Amino acid sequence: MPSYERRRLLRSVYLLVTVGSLSVTPAHSQTDTPVRRNVDQGLDISRSIQDLFPVQTEGIDYQSVFDALAQLHANPLDLNKAARDELAATYLLSERQLSSLATYRAEVGDLLSIYELQAVPDFDVPTIRRLLPFVTVGSQSGLFGKLPTSTDNYLIVRYEQVLEQQKGFAEATPDKKGNLPTRYLGDAGQWYARYRYSRPRAFSVGVTLEKDPGEQLKWHPSTRRYGADYFSFHAQIQNRGKWRNLLLGDYQLQIGQGLVLSAGFVLGKSAETVQTVRRPMLGARPYTSLTESGYLRGVTATYAAHPMIDVTLIAASNRRDANMSTDSLGNRIATSLQTSGLHRTPSEIDDQRSLLETNLGMHILYHNRQQLQIGMTILRTTFDTFLRKRDQPYNRYEFTGKQNLVIGIHGNYIWRNWTLFSEVAWSSGSATYSGGFGAVGGALASLTKKLDLALVLRHYDRNFHSFYSNAFSEGTRTINETGAYAGLKYTVYRKMTLSGFVDYVSFPWLKYLVDKPSNGFDYLVQVRYTPNRKTAFYGVFHEEHKQKNLTIGKVKDVVRTTRRSYALNAEYTLIRGFSLRSRLQWGSFVYAGQTPSRGFALVQDATLDHRRLSISGRFALFGTDDYDSRQYVYERDVLYAFSFPAYFDQGIRHYILCQYTLNRHLDVWVRWARTDLSNQSTVGSDLDQINASHKTEVKMQARWKF
């Protein structure tokens, strides 16, 4: 018998002996049933979100992160085919573990089962448990015969509504001059529908429709209204000969470190202090989020011109929401880009799709056995209307004009358990302050089996303009910032880990609500203890120091601010199918020399899973002095929906979420949530105001799997 076959036979025997040692349900195991998978999916995604964000971090698109995790769960990575960057994008594996898996596959061959991860050096049981919901072992001949790569084919329909009447939906009563107040034009219901048919690494087709509360369902082609206010679609094929990827419709691209093009599923500073600082190289991906901005609509194609050289072409034409005005000469100009995606009032509808944006670009990538990557990106953005922001001092270096060109060069090198990464980019345009420079670079390293390190340096000129960037930064955009970050993660022993980061940042020019150049720093410390697979504890402390405008009387100054956040969390499974999560978080926010604003939230969650039924609920008690000390707490929601509300004022919050699997095709969800305030007679503000001290939300969803 050949040595290769002997190794596979020995591994098969090993798997039969050890397969029971991991008491975890993988994303798509052979013994798993559709009913069990449907119940587990929401739990797996919720756990991942709460692990990544135990305390709220600004500058992160949580909706896009959640969407990406949901899609990854529905279409898990094949451990035998996934590239290193694809596995790195789960943010669950260290550099040492990524290198060990690559070496294991090269020396031993394809994995026969996901449980074989126990045999890969440097892989521990807690890491494997967190990874299993997002990976699989696909089509290859192994211990259980040939396993076909599964498809994901489903239709989701959702409806939700706030039960109390909000001001925007109340009857409009004329004032003394006969003028009617502004009201929302549509009804209070929110509708959502999504269809998707996909096979990992092969193809994907999808359509998404959504109507927000207050928007109209209207068919009016002359104004580009086709029923639902938001319509998104894509069609993708992959790995057809030398064509690695062909995508038509809505998409994003994750290239380099995100200085030119970046997809939504990227993380910055979070409780995962090491792995999340680097942007993995993922290329073009279908856009399926409900965030109505930040994507390209057109076509992109990636062609393997050489086994080591990929060429990607980009063409897109989007109609963007923008505030329109006229300058002193009577010329029509755009004064800002709108990203809320809300079109409920006449003024919001006037902004809708009012600016035509065209993007043309190219990316060339050289990759050598996944150890070395060098690439160049070019993106040219053109607007059909002159764009100039309001004449404010902090806007002096913002983009002005109709055209912007960004050129970036990026690199990535893997040496043993080290990964070095960087990207530099230049922007240029026709206006006075259009040209700028941006750079980011760093290293990830597994220094020992117990210690991981991350270092990142970045600098973005005050006049660096890149509309689709999302590189590592403190702010929400890569502009007007210089900083240095260091993160560590230390495994005390297999049940306990310590992690933390420190980040220093300066802003060379003014910012909104900061009327002079400023600086700041923040740091985070986390300890996590997992005594067994049924119990887990963690504690987090995060402190941020920034500068902000403060007006006292008629005097306005820029002063230091300090925000402190604490969180203690306990998770425990009492009996099979019944788990509890208890959480206490508190914090403060203070301007230098002023009285601090304080707040807290005490949260108790419970989840019951029994056969086809899953029920989860929460009771939370909270109190804050004002909005400055608000407490963000993640909430479980229906599949593919996301809830990360801010608790503020004083009151209670409770919800119950039920999921029932009728059969292998149909799942239904119902969610009821309510907030009761004890110190306020109204909830919300402006057109969202409710003339009562409570707010109730109801949500219903059904999914049909074909």
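Biologist: What percentage of the 706 residues in the protein is made up of buried residues?

Modeller: A residue is called buried under 20% relative accessible area, exposed over 50%, and partly exposed in between (1.4 Å probe, protein chains only). In this protein, buried residues make up 53% of the 706 residues. Please note that this is a predicted model, in which local features need pLDDT of at least 70 and side-chain atom pairs count only at pLDDT 80 or more, while totals for chains, interfaces and linings use all residues. Residues are numbered from 1 along each chain as its sequence is written, and side-chain values use heavy atoms, with hydrogens and water left out.

Biologist: How many helices and strands does the protein have?

Modeller: Helices (H or I, at least four residues) and strands (E, at least two) are DSSP runs, numbered from the N terminus. The protein has seven helices and 35 strands.

Biologist: How many residues does helix H5 have, and what does it reach from its first C-alpha to its last?

Modeller: The expected span of a helix is 1.5 Å times one less than its number of residues. Helix H5 (residues 95-108) has 14 residues and reaches 20 Å, close to the 20 Å expected.

Biologist: Which residues of H5 are buried?

Modeller: An α-helix has 3.6 residues a turn, so residues three or four places apart point the same way. The buried residues of H5 include Leu98, Leu101, Tyr104 and Val108. Glu95 and Arg96 are also among them. After H5 comes glycine 109, with a positive phi near 110 degrees.

Biologist: Which residue other than glycine has a positive phi of about 70 degrees?

Modeller: Most residues other than glycine have a negative phi. Leucine 513, however, has a positive phi of about 70 degrees. Leucine 513 is placed in the loop between strand E24 (496-507) and strand E25 (518-532), and counts as partly exposed because its relative accessibility is 38%. Arginine 353 also has a positive phi, near 50 degrees, and lies in the loop between helix H7 (346-351) and strand E17 (355-368).

Biologist: Why does arginine 630 count as buried?

Modeller: Arginine 630 counts as buried because its relative accessibility is 14%. The residue lies in the loop between strand E30 (613-624) and strand E31 (631-632).

Biologist: With which side chain does the side chain of arginine 630 make a polar contact?

Modeller: A polar contact is a pair of N or O atoms within 3.5 Å; within protein, one must be able to donate a hydrogen and the other to accept it, and residues adjacent in sequence count only if both atoms are side-chain atoms. The side chain of arginine 630 makes such a contact with that of tyrosine 632, at 3.1 Å. A polar atom of the arginine 630 side chain also lies 2.9 Å from the backbone oxygen of tyrosine 627.
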